[in-house]
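I opened the notebook to record what I looked up in this structure. My entries follow in the order I checked things.

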Amino acid sequence: MVTMEKANIDWVNLGFGYYKTDKRFVSNYKDGKWDEGILTTDENVVMNESAGVLQYAQTCFEGMKAYTTADGSVVVFRPDLNAKRMYDTAQRLEMPPYPEDKFVEAVCEVVKANLKFVPPYGTGASLYLRPYMFGSSPVLGVKPANEYQFRIFASPVGPYFKGKPITIKVSDFDRAAPRGTGHVKAGLNYAMSLHAIVTAHNEGYAENLYPDALTRTKVEETGGANFFFVTKDNKIITPKSSTILPSITRRSLMYVAKEYLGLETEEREVYLSELGDFAECGLCGTAAVISPVGKIVDHGKEICFPSGMEKMGTISKKLYDTLTGIQMGRIDAPEGWIKKIV
Ligand code: PLP
Ligand code: COI
């Protein structure tokens, strides 16, 4: 049980945005090695004008959350998987991977140093953790930088999508090229999605469904979350593709569906042409948690899920309650899923 004074924040009405907290972690890579790293109060980054990140977008990131549980502890959900995914991302981007054990240690340090910003239990908010890494030394020819910085900051956040089921559109833009970087968490994947998301928002949609870039017939993911679908006989389906980000929430959800709820699960290719057959559709991710999708618009064709536009479908709700129950300590977690900080 942690009793500590909390920051004066309207937790219940928090949106998903940057909020400056007290301490962040910084480690530098120079002469072929990472230094020990320190916690600092300085939220600004100063670097050379020709840094790799500024010229050729050599940057990647992660996202995870710390929660206050029902018994007042503070925990982080599966940070080892974020550490591993960032390791893989760094390798794909020719960046020196940050050691996985040090990553988890640094995450714990940042949460501990910002305990007053961990939203209280029952507010629906959490402390979002953003580890990231970038090329900090100058480059002019196209090549990887020699020096890097790894940082983690924390920001209290509320829901990414507010309230009711969302309407999304099938995007005319591509997110990830075949054999590209869609399967890793590179900043460039998000830079190229900005025009698509602004376009979607201007047209009144909450997000984009990106089809596979090669055939444009299969469902991949949205700009910031994976999909799951519920069939009319309560099977959970998630798209299989080598160009989507392997979501930790999705992997956890599929396990929970099978092992906690006894539902059949399958990861397979999902065609746009079969969307009308599903009973429920949802997005899953750290920021999105489980967000219901009520409608998908595919170039004028409306696919309305039977679960409707008012509330989450029955099975999505069960998945949501079980997964968040595990994260908030109301339901026993599988071994190794919960990293207790205090
Ligand atoms: N897909 C994309 C493109 C994302 O940005 C995210 C967010 O991290 C996800 C999926 C969900 O992944 P996770 O559940 O690991 O947060
Ligand atoms: C996350 O869920 O952590 C992400 O990185 C997605 C982004 C939309 C905030």
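How far does a polar side-chain atom of Tyr128 lie from an oxygen atom of ligand 2? I read 2.6 Å for that pair. I note here that the model is predicted.

**Entry 1: ligand 2**

I listed the surroundings of ligand 2 next. Phe16, Phe61, Gly63, Tyr128, Arg130, Tyr160, Lys185, Gly224, Thr286 and Ala287 surround this ligand. Then I went through its polar contacts. Tyr128 I already had, with a polar side-chain atom 2.6 Å from a ligand oxygen. For Lys185, I found a side-chain N or O atom 2.7 Å from an oxygen atom of ligand 2. Ala287 uses its backbone: a polar atom there is 2.8 Å from an oxygen atom of ligand 2. I also checked the cover. On its own, ligand 2 has 280 Å² of accessible area, and the protein covers 89% of it.

**Entry 2: ligand 1**

I turned to ligand 1. There are 17 residues around ligand 1. Which of them come nearest? I noted Tyr190, Glu221, Ser247, Thr249 and Thr286. Thr286 is also among the residues that surround ligand 2.

I took the polar contacts one by one. A polar side-chain atom of Glu221 is 2.5 Å from a nitrogen atom of ligand 1. The side chain of Thr249 places a polar atom 2.5 Å from an oxygen atom of ligand 1. For Thr286, an N or O atom of the side chain lies 2.5 Å from an oxygen atom of ligand 1. The protein buries 97% of the 380 Å² that ligand 1 exposes when taken alone.

I asked which elements supply the shell. Helix 6 (248-259) and strand 15 (280-285) each give at least two residues to the shell around ligand 1.

**Entry 3: helix 3**

I looked at helix 3, residues 100-113. I counted 14 residues, with 20 Å from the first C-alpha to the last. That is close to the 20 Å expected at 1.5 Å a residue. Which residues of helix 3 are buried? I wrote down Phe103, Val104, Ala106, Val107, Cys108, Val110 and Val111.

**Entry 4: a surface patch**

Last, I looked at the surface. Tyr56, Leu140 and Val142 form a nonpolar patch there. Together they have about 360 Å² of accessible area. I located Leu140 in the loop between strand 7 (126-135) and strand 8 (148-157). Is Leu140 buried or exposed? I logged Leu140 as exposed, because its relative accessible area is 67% and the cut-off for exposed is over 50%.

Terms used: Residues numbered from 1 in each chain as written. Chains lettered and ligands numbered in written order. Predicted model: local features only at pLDDT ≥ 70, side-chain atom pairs only at ≥ 80, totals over all residues. Heavy atoms only, no water. Patch = residues over 30% accessible without salt bridge, like charges linked within 9 Å, V, L, I, M, F, W, Y side chains within 5 Å. Areas by Shrake-Rupley, 256 points an atom, 1.4 Å probe, with all protein chains shown as cover. Salt bridge = Lys/Arg side-chain N within 4 Å of Asp/Glu carboxyl O. Helix = DSSP H or I, 4+ residues; strand = E, 2+ residues; numbered from the N terminus. Buried < 20%, exposed > 50% of the residue type's maximum accessible area, 1.4 Å probe, protein only. Expected span 1.5 Å × (residues − 1). Near = heavy atom within 4 Å. Polar contact = N/O pair within 3.5 Å; in protein donor to acceptor, adjacent residues only side chain to side chain.
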